[in-house]
Amino acid sequence: MATRPKTGGRQKGTPNKATREIKEIAQEYTLTAIRALAEIAENGDSDAARVSAANALLDRAYGKPRAALEHSGPDGLPLSAPSLVIMPFEKE
């Protein structure tokens, strides 16, 4: 693995031109897409379509919820690694 610092290319966090152009084109359809999601959320043919559209609207309005990580075992006790039990080998 290289140990020298990166020298060249785009600065960290700078999108490439193609990505920027696609993002700009897609942003022109924001209102249309939101209206389509709202229509599906209200009048979709299936429960799954309505729930999916509603989730997409909420994600865009308030951001996606953070994933919860469990760092403890049952009842809040510390996690423990399973023990390895070695059984003696019996000759037949």
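**View 1. Helix α3 and the residue that follows it.** Helix α3 has 16 residues and spans 22 Å from its first C-alpha to its last, close to the 22 Å expected at 1.5 Å a residue (1.5 Å times one less than the number of residues; helices are DSSP runs of H or I, at least four residues, numbered from the N terminus). Just after α3, G63 adopts a positive phi of about 90°. This is a predicted model, in which local features need pLDDT of at least 70 and side-chain atom pairs count only at pLDDT 80 or more, while totals for chains, interfaces and linings use all residues. Residues are numbered from 1 along each chain as its sequence is written, and side-chain values use heavy atoms, with hydrogens and water left out.

**View 2. Packing of α2 against α3.** Helix α2 (residues 30-43) packs on helix α3 (residues 47-62) at an angle of about 140°, their axes lying 7 Å apart (axes are lines fitted to C-alpha atoms over the stretch in contact, and angles run from 0 to 180 degrees between N-to-C directions).

**View 3. Confidence.** The protein chain averages a pLDDT of 82, and 89% of the residues score at least 70 (pLDDT is the predictor's confidence in each residue, from 0 to 100).

Conventions: Helix = DSSP H or I, 4+ residues; strand = E, 2+ residues; numbered from the N terminus.
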